[in-house]
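Subject: Structure handover

Hello,

Please find the structure below.

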Amino acid sequence: MKIGAQLYTLREYTQTAKDLDFSLGKVKGIGYETVQISAIGPIPAETVKELCDKHGLEIVLTHTDPNRILNDTEAVIKEHDVMGCKYIGIGMMPQKYCSPQWLEHFFDDFKEPAKKIAAAGKLLMYHNHNIEFQKFNGKLVMDTLLEGFSPEEMGVTLDTYWVQMGGGDVCDWLTKMKGRTPCVHLKDMAVRGWEPIMAPVMEGNLNFPKILRTIEELGGVEHLLVEQDICQGSPFDCLAISFNNLKKLGY
């Protein structure tokens, strides 16, 4: 497994090619080997690839606009070919599908793009938040999603924080999704007053030694990607703290 940085963490510092270049250098300096491209500025795929190559960073996953995945599938596939990236990710279910009345349309709409992506030798990836752990008509949305696509059509980028936030057990869901989670987002949950907050890995309350042990025992996970949507301080420092804590655990 390779340790990577989810660039959504650094989204304020990746909106131009110049800023992306600097930020990638910082990420490489911390020790990361891979990156996920997410929420960067309108930078051509060729430039993104050149900058990542410059810093010796492999692009392993993206979060791509769902509208582009749906309506411009072939162009999205070509961009990922340019970047050398196998996994094409949906970062969040579009709002219109998040209801009992419209969830089934998500499958109708994205089944064909998922098949085209698979035929191109890539895989559509779905990133969970906590909304997937609500029940529509007595059934968890996450269970419905897993049943709606085959493992060959859609994988899951399991996010440790959001599973916990949804009231799920991370290790249980990793086990349930065995073979469907080539990418996992690592972020921790701490508490400030009455509120949960995002924290660097091993700086909160999630049982990461157990989570990582479960990942190793199950197999099939290729990329561990550190992400922190909201940082208490510098996001570069948060990425460094997470990396160093993972290094202490032997990663």
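The second largest pocket holds about 230 Å³ of space. Tyr8, Gly91, Met92, His129 and Asp229 are the closest to its centre among the 14 residues that line it. That lining has five nonpolar, seven polar and two charged residues (Ala, Val, Leu, Ile, Met, Phe, Trp, Tyr, Cys and Pro count as nonpolar, Asp, Glu, Lys and Arg as charged, the others, Gly among them, as polar).

This is a predicted model, in which local features need pLDDT of at least 70 and side-chain atom pairs pLDDT 80 or more, while totals for chains, interfaces and linings use all residues. Residues are numbered from 1 along each chain as its sequence is written, and side-chain values use heavy atoms, without hydrogens and water.

The largest pocket has about 310 Å³ of space. Ile37, Ile40, Ile43, Arg68 and Glu79 are the closest to its centre of the 18 lining residues.

A pocket is an open set of points on a 1 Å grid over the protein atoms alone, with protein on both sides within 12 Å along at least five of seven lines; a cavity is a set where a 1.4 Å probe fits but cannot get out; lining residues have an atom within 4 Å of a point. Volume is the space filled by probe spheres set on the points, which are joined across faces, edges and corners.

There is one cavity of 30 Å³ or more. The largest cavity has a volume of about 50 Å³, and its lining consists of Leu174, Lys178, Gly179, Thr181, Ile215, Leu218, Gly219 and Val221. By class, four of these are nonpolar, three polar and one charged.

Regards
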